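Good morning. I will take a few minutes to walk through one model, from the whole chain down to single residues. Please have the structure open.

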Amino acid sequence: MHQEQCTTLTVLDNVPFGTVSGESLFFALRIERPEWADWKPGQFVMLRPEGWALDMIWARPFSICRVSKRDLVIFFQVVGRGTRRLAELKTGDRVVVWGPLGTPFVVEDKTPTLLLAGGIGIAPLVAYAQKHPQPWNLHMEFGHRMPLNCYPFESINERITAASHLERGPDDLAHFLDLVETSVKEYAETDGLVLACGPTPFLRAVQAFAAKHNARCQLSLENRMACGVGACLGCVTKTTDKMTAKGVAAGRAQACEHGPVFWADQIILDEE
C-alpha cells in the first residue's frame with residue numbers, strides 16, 4: 001500500500017562530492033525529514049524546488065539515498081537543466097517533495113545478497129545497506145567512470161563489504177563484467193539474491209547473467225519520469241509474461257508505479 005505524501009520541506013545543505021575537470025557534478029542534497037510512516041529501499045521521490053516557478057513545470061525523480069531521524073538525503077549527478085538548477089539549491093531553500101513512491105527492493109534478512117551498482121546507481125543501494133537488518137549478509141561490487149570520491153562509497157563501505165572498480169577503458173569494463181558474471185553465478189549456486197541499479201546497458205548485462213545462471217535478481221530502472229504516479233505513461237517499459245501485477249496492460253508497465261524495481265525476468269530491456 002502506498003502512503004505517499006506531498007509536502008514542502010527545507011533544504012539543510014547541498015554538499016558537492018569530488019570534482020570532474022575542476023567542476024562539481026555530484027551532490028548530496030540534505031532536506032529536512034518528511035513525516036513518513038515508513039519508506040523502503042528502492043523507492044524514490046519527486047522533487048520540485050519552489051524557486052523553479054513556471055520555468056520548469058515537471059518535478060524530477062530521485063532514488064532515496066538515506067533517511068535519518070533528522071534528514072532525507074538525495075544523491076544526484078548533474079546531467080541536464082533540472083539537475084543543474086538543483087545543484088544551485090542553498091540552505092533554507094524550499095523544495096516540494098512527493099513520496100515515497102514506487103516498488104522497493106525485496107529484503108531477505110538471512111539471504112546472502114549481492115549488490116551491483118553502476119555509477120549513480122549506487123544511491124538506492126546506500127539506502128538498502130543502511131536499512132538492512134543484517135548487513136553482514138550484503139556485499140557490493142561498484143563500477144564507476146568518475147573518481148571514487150565523487151560517490152558515497154565510503155559511507156557504504158563502512159557498513160558492508162564492498163569493492164570499487166574504475167572504468168578507464170574497454171579492458172576495465174570487460175574485466176568488471178567478467179567479475180560481475182562470476183559473482184552472479186556464485187550467488188545463484190547458493191540461492192542468494194542479486195540486486196542491481198545503474199545505466200540500462202549495465203542492467204542488460206546483469207539481466208543476461210541472471211538468466212544464464214538462473215539467479216534470483218531484481219533490477220532498478222533509471223527511466224525518465226514526469227508524474228511519478230503512472231498517469232503520463234512517460235516511463236513505460238516492456239514486460240514479459242512473468243509480469244502479473246494487477247492493472248498492467250499486456251506487454252507494458254509504468255516504471256514509476258510498478259517499478260522502478262522489477263524482477264529481472266519480468267522486463268525486456270531494449271537496445272538503445
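This is a predicted model: local features need pLDDT of at least 70, side-chain atom pairs count only at pLDDT 80 or more; totals for chains, interfaces and linings use all residues.

Residues are numbered from 1 along each chain as its sequence is written, and side-chain values use heavy atoms, with hydrogens and water left out.

First, the whole chain. The secondary structure comes to 6 helices and 16 strands; helices (H or I, at least four residues) and strands (E, at least two) are DSSP runs, numbered from the N terminus. The C-alpha trace spans about 50 × 45 × 35 Å along its principal axes.

Of the 272 residues, 51% are buried. Buried means under 20% relative accessible area, exposed over 50%, and partly exposed in between, with a 1.4 Å probe and protein chains only. Among contacts (heavy atoms within 4.5 Å) with a separation of 6 or more, 68% join residues 24 or more positions apart. The protein chain exposes about 13,000 Å², and carbon and sulfur atoms supply 52% of that area; the areas come from the Shrake-Rupley method with a 1.4 Å probe, and for residues only the protein chains shown count as cover.

Next, the interior. What is a nonpolar core? The term stands for a set of buried Ala, Val, Leu, Ile, Met, Phe, Trp, Tyr and Cys residues joined through side-chain atoms within 4.5 Å. The largest one here has 52 residues, and the members that touch the most others are Leu29, Leu47, Phe76, Val97, Leu115, Ile122 and Met140. Helix H2, residues 122-131, gives the most to this core, with 7 residues. Apart from it lies another core, of 33 residues, including Met46, Ala188, Phe209 and Ala255.

Take Leu115 as one example from the largest core. Beyond its neighbours within four places in sequence, Leu115 is in contact with Leu125, Tyr128, Leu138, His139, Met140, Glu141, Ile160 and Leu195.

Now to H2 itself. Is this helix largely enclosed or largely open? It is largely enclosed by the rest of the structure, because 8 of its 10 residues are buried. Those buried residues run from Ile122, Ala123, Pro124 and Leu125 to Val126, Ala127, Tyr128 and Ala129. Their cover includes strands S4 (60-63), S6 (71-77), S8 (113-118), S9 (138-144) and S11 (193-197), together with helix H3 (153-157).

Some backbone details follow. Most residues other than glycine have a negative phi, and most peptide bonds are trans. Where are the cis bonds to look at? One joins Gly99 and Pro100, with omega about -5°, and Pro100 is found in strand S7, residues 94-101. Another joins Gly259 and Pro260, with omega about 5°; Pro260 lies in the loop between helix H6 (255-258) and strand S15 (261-263).

Positive phi values occur too. Ser21 has phi near 55°; it sits in the loop between strand S1 (5-16) and strand S2 (26-32) and is exposed, with a relative accessible area of 82%. Asp191 has phi near 60° and is found in the loop between helix H4 (170-189) and S11.

Thr237 lies in strand S13, residues 236-239, and is buried at 7% relative accessible area.

Gln266 is in the loop between S15 and strand S16 (267-268). At 15% relative accessibility, Gln266 counts as buried. Not counting residues up to four places away in sequence, Gln266 touches Lys238, Thr239, Thr240, Lys242 and Met243.

Met146 is in the loop between S9 and H3, and is partly exposed at 24%.
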